[in-house]
Amino acid sequence: AIELSKLQKECKYQESIVEGDRDQYFGMTVAYTDLIKNTLDILTGDEPFSGPIDGDWPCPGTNVIRYEFIKKYHHSVRAFWTRNFIQCFDQTRFLEDMYKNLPNTMMIQFYGALAGYCLSENETENRLIDVAIAVMREKETNCAHNFHNKRLLLEAEKLSHEGKIEEAEAAYLSAIEASRKARFVHEEGLVCELAAAHYLRNYTEDVRHRGLLQQALECYKTWGCKPRVEHVVKMID
């Protein structure tokens, strides 16, 4: 994944291109760019997470239905990475069938399934996890680079919460390696964080979580996600 600070610079450049004609030719582009900019500002800690995405209607030329769906996706991303798991989980409701094959929908399902477990560490059932795993497995056949590590992480979480400890640990390790191989540093950090939570949840004297938390911290620092950096620092302390 590209560092968030670099994405912010690119987003600022794109804004400068379309700003002058936002009401004539680039309504959709401006609307999307604004969403991306605000999401990046929240993930870097430049702006606080403020809940549902409100504000004015998008610029002329914007497909309003599609825009509302993209807002749903950005709300899911912002809520998940800032650990507002209830709001993240809520974004999985009412996913329109017309958008079921879009990458945005898949990621809403991915974040929602993980959020379902994060809401309760003792949760053994998660109505979204099997759906999300099936979606990732299907997409993995055509694009393993994007979806293989995500499926492995979902499976690791399911195994962990079902009490299949050793199988879960093997799956976490595979997910870490797959994320590193794909160069998804943010998801490598996420797997390490959740694997550490697994060890803390299932062992009283095991210290393996410490190395995983340190690895997660370095990944989040590289990515530039301040809310997650601050959370992992608290876990380490």
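Predicted model: local features only at pLDDT ≥ 70, side-chain atom pairs only at ≥ 80, totals over all residues.
Close-up 1. Helix H8 is followed by Arg183, a residue with a positive phi, near 65°. The helix itself covers residues 165-182, 18 residues in total. From first C-alpha to last, H8 reaches 26 Å, close to the 26 Å expected at 1.5 Å a residue.

**Close-up 2. The buried residues of H8 and their cover.** Look along H8 for Ala168, Glu169, Ala171, Tyr172, Ala175, Ile176, Ala178, Ser179 and Ala182, which are buried. Their cover includes three helices: H7 (144-161), H9 (185-202) and H10 (208-223). As a reminder, an α-helix has 3.6 residues a turn, so residues three or four places apart point the same way.

**Close-up 3. The largest pocket and its lining.** This pocket holds about 800 Å³ of space. Its lining is made up of 28 residues, and those nearest the centre are Leu7, Tyr73, Val77, Tyr111 and His186. Helices H1 (4-18), H2 (27-43), H3 (64-81), H5 (103-118), H7 and H9 each give two or more residues to the lining. H2 gives the most, with 7 residues. By residue type, the lining has 18 nonpolar, 7 polar and 3 charged members.

Close-up 4. Cys118 is partly exposed, with a relative accessible area of 23%, whereas Cys225 is buried, at 0%.

Conventions:
Residues numbered from 1 in each chain as written. Heavy atoms only, no water. Helix = DSSP H or I, 4+ residues; strand = E, 2+ residues; numbered from the N terminus. Expected span 1.5 Å × (residues − 1). Buried < 20%, exposed > 50% of the residue type's maximum accessible area, 1.4 Å probe, protein only. Contact = heavy atoms within 4.5 Å. 1 Å grid on protein atoms, 1.4 Å probe; cavity = no way out; pocket = protein on both sides within 12 Å on 5 of 7 lines; lining within 4 Å. Points joined across faces, edges and corners; volume = space filled by probe spheres on them. Nonpolar A, V, L, I, M, F, W, Y, C, P; charged D, E, K, R; others polar.
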